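Thanks for passing this one along. Here are my notes, in numbered points, for you to read beside the model.

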Amino acid sequence: MAAQPTTTQSTVRIGVLGCGNVGAAFIQLVNDQADVIEARSGVRLEITRVAVRNVSRDREVKLDPNMLTRDAHAVVDDPNVDLVVEVIGGIEPARELISTALGKGKPVVTANKELLANVGTELFAVSDTAGVDLLFEAAVAGGIPLIRVLRESLRGEPITRVLGIVNGTTNYILTKMTEEGADYTVALTEAQRLGFAERDPTADVEGLDAAAKAAIIASIAFGARVVAGDVYNEGISGVTGADIAIAKRLGYVVKLLAIAEISADGEVAVRVHPAMVKNTHPLASVRDSFNAVFVEGKAVDSLMFYGRGAGGFPTASAVLGDVIDAAINLRKGAHATIGTFARLPISPIDQTTSEYLVGLDVADRSGVLHAVTGVFARHGVSIRTAEQEGMGENARLVFITHTAREADVQACLREFRTLDVVKRTSGLLRVIGG
Ligand code: HSE
């Protein structure tokens with residue numbers, strides 16, 4: 001049986017789907033801040049129903065047991081719920097629950113990047129038809145206010161590129177590898193011990209989480225329809241201590257970057273991969289589990305947003321901001337429209353350009369450099385710097401190219417693998433800010 005709140009005209013009753021880290025922190029914030037929020041915004045927020053997996057589990061936040069249910073549909077359908085917060089994640093049943101809530105005229109606030117990066121357009125259409133908000137600040141870069149900035153403050157800005165560290169787990173691991181010389185597996189285990197990385201870390205370390213966020217960022221920044229499947233994606237599990245050491249020696253740090261670009265003729269390119277970032281670039285100083293997003297626009301030039309991209313309270317803070325907006329709009333009978341998403345051409349990774357670091361373990365004898373540079377020349381890849389590290393059995397050639405096309409660099413790598421003098425390609429990193 002649901003709790004029966006004392007409702008006034010200004011009260012907006014909230015149903016929460018999911019009471020994990022973010023859900024519990026959000027409820028705590030509402031409980032603590034309700035008076036201040038009411039005084040500032042004129043709406044009184046009240047939690048009335050909460051869908052949980054296990055009703056008898058002990059939780060950090062104090063909840064009236066009558067509010068709890070295992071049935072998420074009961075929350076969405078409850079006449080004592082005006083607005084729904086979805087923090088269960090995943091595509092189903094979240095999609096169906098959100099559609100149902102919107103169809104009933106209940107605004108929805110979600111932190112679900114996977115859902116929006118796959119079926120966002122469908123849900124935005126449902127929200128527009130229903131005339132209620134579907135807000136999602138918390139889906140990208142946790143507590144950092146980015147989506148609202150892109151949607152509102154920068155809505156007239158011709159944004160050309162967004163570059164970001166949008167995954168805290170991988171940034172923590174790369175920071176440990178850079179600053180303590182830790183191996184990838186040691187750094188990952190430490191991240192799991194501290195609760196930054198999940199027991200199954202695949203979504204974070206293989207870049208899937210960042211790719212979903214990149215798709216959302218590109219959609220909003222360029223008004224283009226971009227889904228997770230459009231994002232080229234490489235994670236950090238292949239980054240070695242040797243890659244990090246070379247980067248360091250050359251004045252770079254290795255970061256997992258999400259990059260969304262639009263060309264002058266309107267082609268969109270979105271990718272996630274490890275990259276060498278020049279020490280002097282502002283993103284190079286973003287350490288540990290912090291996130292930062294660098295936005296470049298024709299008029300505004302460069303902007304950077306920095307903060308905690310994960311964690312219960314930072315993410316709940318973003319959810320709460322959206323809830324207040326949606327509650328105010330609900331009381332006004334208004335809603336924020338997301339606008340239309342154009343079907344712009346998505347450029348494949350092959351067509352993108354960058355500078356590259358290429359590492360090759362080679363035989364240490366006369367003519368090897370000549371053979372290797374001949375490959376670069378045949379594919380039109382121009383070399384900026386070349387050097388040899390180690391000698392004899394440990395000889396390694398390290399090149400940094402001028403700006404080159406990905407397809408041409410990949411063709412070089414394929415040809416290197418056919419050369420007897422190249423024992424293995426020991427690193428490929430795109431270079432940013434070189
Ligand atoms: N797992 C993500 C991170 C946070 O490590 O940044 C949620 O998207």
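Two strands pair if DSSP finds at least two bridges between them, and helices (H or I, at least four residues) and strands (E, at least two) are DSSP runs numbered from the N terminus. This is a predicted model, in which local features need pLDDT of at least 70 and side-chain atom pairs count only at pLDDT 80 or more, while totals for chains, interfaces and linings use all residues. Residues are numbered from 1 along each chain as its sequence is written, and side-chain values use heavy atoms, with hydrogens and water left out.

1. Let me start with β7. Gly164 stands opposite Val293 in β11, and β7 and β11 pair in the antiparallel sense over 6 bridges. Strand β9 (residues 252-262) also pairs with β7 in the antiparallel sense, over 4 bridges; there, Arg161 has Glu261 as its bridge partner. Of the 7 residues of β7 (residues 159-165), 6 are buried, so this strand is largely enclosed by the rest of the structure. Buried here means under 20% relative accessible area, exposed means over 50%, and partly exposed is in between (1.4 Å probe, protein chains only).

2. Next, the open sheet. Its 6 strands run in the order β3-β2-β1-β4-β5-β6, with parallel pairing. β3 (68-69) and β6 (134-135) stand at the edges with a single partner strand each, so one side of each is left without a neighbour in the sheet. Within this sheet, β4 (residues 83-86) and β5 (residues 108-110) pair over 3 bridges, and Val85 has Val109 in β5 as its bridge partner.

3. Helix α1 (residues 21-41) lies across β1 (11-17), β2 (44-51) and β4, and runs at about 160° to β2. For this and the angles below, axes are lines fitted to C-alpha atoms, for helices over the stretch in contact, and angles run from 0 to 180 degrees between N-to-C directions.

4. How do α3 and α4 pack? Helix α3 (residues 94-103) and helix α4 (residues 113-130) meet at an angle of about 15°, with their axes 9 Å apart. That makes α3 roughly parallel to α4 (angles under 35 degrees count as roughly parallel, over 145 as roughly antiparallel, 65 to 115 as roughly perpendicular and the rest as oblique). The contact (heavy atoms within 4.5 Å) includes Ile98 and Leu102 in α3, and Leu115 and Val119 in α4.

5. α4 also packs on helix α9 (residues 208-222), at an angle of about 50° and with the axes 8 Å apart. The two helices are therefore oblique to each other. Lys113, Glu114, Leu116 and Ala117 in α4 meet Asp209, Ala212, Lys213, Ala215 and Ile216 in α9.

6. Finally, some backbone points to look at. Most residues other than glycine have a negative phi, and most peptide bonds are trans. A cis peptide bond joins Glu92 and Pro93, with omega about 5°; Pro93 is in the loop between β4 and α3. Asp288 has a positive phi, near 50°, and is found in the loop between β10 (268-278) and β11 (290-297). Asp288 counts as partly exposed, at 26% relative accessibility. Asp301 also has a positive phi, near 70°, but lies in strand β12 (residues 301-308). With a relative accessible area of 53%, Asp301 is exposed.
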